[in-house]
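I opened my notebook to record, step by step, what I looked up in this structure. My entries begin with a single residue and then widen to the whole chain.

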Amino acid sequence: MSILSNFGENLLSLMVEQNLNAPKLANILKTDRSNVTRYLRGERLPTFTNFINIINYFNISADVILGLKEFSNAKIFLKVENFNKRLLAVMKETKTTQYKLCKDLKVSGSSLYKWLTNESLPSVENLVKLSSFMGVSVDYLLGRLN
C-alpha cells in the first residue's frame, strides 16, 4: 500500500472512532472540506501544517497514521516547533550533509535551503523521504519524541 492510501484509511478510522465527518474535521483544521475528502480518498497528502494539526488533534504517531509503523507505544507527543532547527539537529546527529541530501534524495538545493531557513516547509512526502534517508522515524524528525 502507498502512503497516500494508508493515510486516507487511517484518517478515516480515527474519524469514525471520534464520530467526525469531513466537514467537522475540515472546520477543526480550518481547511476546505474538499481537502479532507481528498485525503480520505487517498488522492492527496495534507500540507505540512495540516498534517501536524491532524496528528496533534488525534494525538497519534506520524509514523502510524502514514502506515510506516503499525503501533506506537508513545502516549504523549511533544509539540512540533522550529522544524528547521530540528532538521539541522538530526542532520548533524546522523552526519548527513546538505550536499548528500540534495544529491541522494534529488531535492533541490533551494528547497533544502528554504527548509533550513524556515522560509518553507517540506511536503509530507519529502518529510517521509528525509526521515527514511536519515534512518529516523517521522516523529523523531519532527521532534515529537524525547
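**Entry 1: one residue.** I first looked up Asn50 and, leaving aside its neighbours within four places in sequence, I found it in contact (heavy atoms within 4.5 Å) with Leu29, Thr31 and Tyr39. Asn50 lies in helix α4, where helices are DSSP runs of H or I with at least four residues, strands are runs of E with at least two, and both are numbered from the N terminus. I noted that Asn50 counts as buried because its relative accessible area is 9%; buried means under 20%, exposed over 50% and partly exposed in between, with a 1.4 Å probe and protein chains only.

**Entry 2: what I am reading.** I reminded myself that this is a predicted model, in which local features need pLDDT of at least 70 and side-chain atom pairs count only at pLDDT 80 or more, while totals for chains, interfaces and linings use all residues. Residues are numbered from 1 along each chain as its sequence is written, and side-chain values use heavy atoms, with hydrogens and water left out.

**Entry 3: the core.** Which residues have the most contacts inside the largest nonpolar core? I found Phe51, Leu87 and Leu142, in a core of 44 residues; such a core is a set of buried Ala, Val, Leu, Ile, Met, Phe, Trp, Tyr and Cys residues joined through side-chain atoms within 4.5 Å. Helix α4 (residues 48-58) gives the largest share of this core, six residues. I then followed Phe51, whose contacts, apart from neighbours within four places in sequence, include Phe7, Pro46, Val124 and Leu142.

**Entry 4: a helix pair.** I turned to helix α2 (residues 22-29) and helix α3 (residues 33-41), which pack at about 115° with their axes 8 Å apart; axes are lines fitted to C-alpha atoms, for helices over the stretch in contact, and angles run from 0 to 180 degrees between N-to-C directions. On the α2 side the contact is made by Ala22, Pro23, Leu25, Ala26 and Leu29, and on the α3 side by Arg33, Val36, Thr37 and Leu40.

**Entry 5: the whole chain.** I counted ten helices and zero strands in the protein. Of its 146 residues, 45% count as buried. The C-alpha trace spans about 45 × 30 × 30 Å along its principal axes. Among contacts between residues at least 6 apart in sequence, I noted that 64% join residues at least 24 apart.
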